[in-house]
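I opened my notebook for a first friendly look at this structure. My plan was to look up a few residues and write down what turned up.

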Amino acid sequence: MTGSAGGRLVDGYTLVVFDLDGVIYLIDRPIPGAVEAVGRLHAEGRAVAYATNNASRRSSEVADLLTGMGVPARPEEVLTSAAATAELLRDRLPAGAPVLVVGAEALRAELRAVGLRPVSTVDENPAAVAQGYGPQVGWVDLAEASLAVRAGAPWYATNTDRTLPSPRGPLPGNGSLVAVLRTALGRDPDVVVGKPEPALFATAARRAGQGRTLVVGDRLDTDIEGAGRAGLDSLLVLTGVSDVPELLAAPVARRPTYVSVDLTGLFDPAAVVPLPGAPDGGGWSATATDGGLLLDGAGRPLDALAALCAAAWSTGAAARVRAASPAAEEALAALGLVA
């Protein structure tokens, strides 16, 4: 762990890389506190970048969206799985090669920008299939892609997020659409470009030079695992998809370096804790018992979470959590756990 000991987490890093959906905004609405947090980083002259698996917008469109929300952003600060997929295909296919696209116009635009030719049917002899999220994707698109892959075209998925966050709750993401083709074809994509693959984060980290990079995300299965695979520290914020029960049950590859309720943890030492912590720390005692966890003591809810993670990750007993004190009941309620 490389945060500033006893000080602000952000002071230990040269670059902060943010996921977008679930961290900065939900669909098109900024998450409370996000605009202020990024503004504070800018005011301090700190380097920021954004890495998103959402392939439905181009980097320039994402930058415009962020700027419109009060988060000034430049296209070169935004790394999307659509652009990364286009660049990968550019390096592997002849100039002007046809690519069958399943997804939004943004993916087609990124392919055109690197000199490839987006097509829509198997009759156009595509050299590859590129599949990304698009709200208008339908059966016809998936059928054409299925035929193209069966005919030998390599299958590239921008990402495999099962869901994407929204104010109404999680919605089907590109991973759910990829699952349709996986079922029809009986196999996985040839290449998955976005998180948890490390490419997006590795590209961002190179911009930090010799400095350290912190990844901030809301999903254990993409942001946190991807950061780990890129060799980077990570901060999980609880404003998006992954919740406390998922964190307690996280396998080794999906365990963050730090956890905070929201982006306040970047600046306030009292709003973030390193993980896994100790099973006896911060006034709490977390022990494995009867196939679950027992929390006793009193203190801050985040310190309770660190203790619970320590106990759960060392024993695998994270199925249910019980409280052994009134303060523990309050802490579990604050963490979204049934006491």
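I began with F18, which counts as buried because its relative accessibility is 0% (buried is under 20% relative accessible area, exposed over 50%, partly exposed in between, with a 1.4 Å probe and protein chains only). Before going on, I noted that this is a predicted model, where local features need pLDDT of at least 70, side-chain atom pairs count only at pLDDT 80 or more, and totals for chains, interfaces and linings use all residues. I also noted that residues are numbered from 1 along each chain as its sequence is written, and that side-chain values use heavy atoms, leaving out hydrogens and water.

Next I checked Y50, which is buried too, with a relative accessible area of 0%. I then looked for aromatic pairs (ring centres of Phe, Tyr and Trp, the last by its six-membered ring, within 6.5 Å; planes under 30 degrees apart are stacked, over 60 edge-to-face, the rest tilted) and the count came to one. F18 and Y50 make up a stacked pair, 6.0 Å centre to centre with 25 degrees between the planes. This pair links distant parts of the chain, with F18 in strand β1 and Y50 in strand β4, 32 residues apart (strands are DSSP runs of E, at least two residues; helices are runs of H or I, at least four; both are numbered from the N terminus).

Last, I turned to S325, in the loop between β20 (321-323) and α11 (326-334). I put S325 down as buried because its relative accessibility is 14%.
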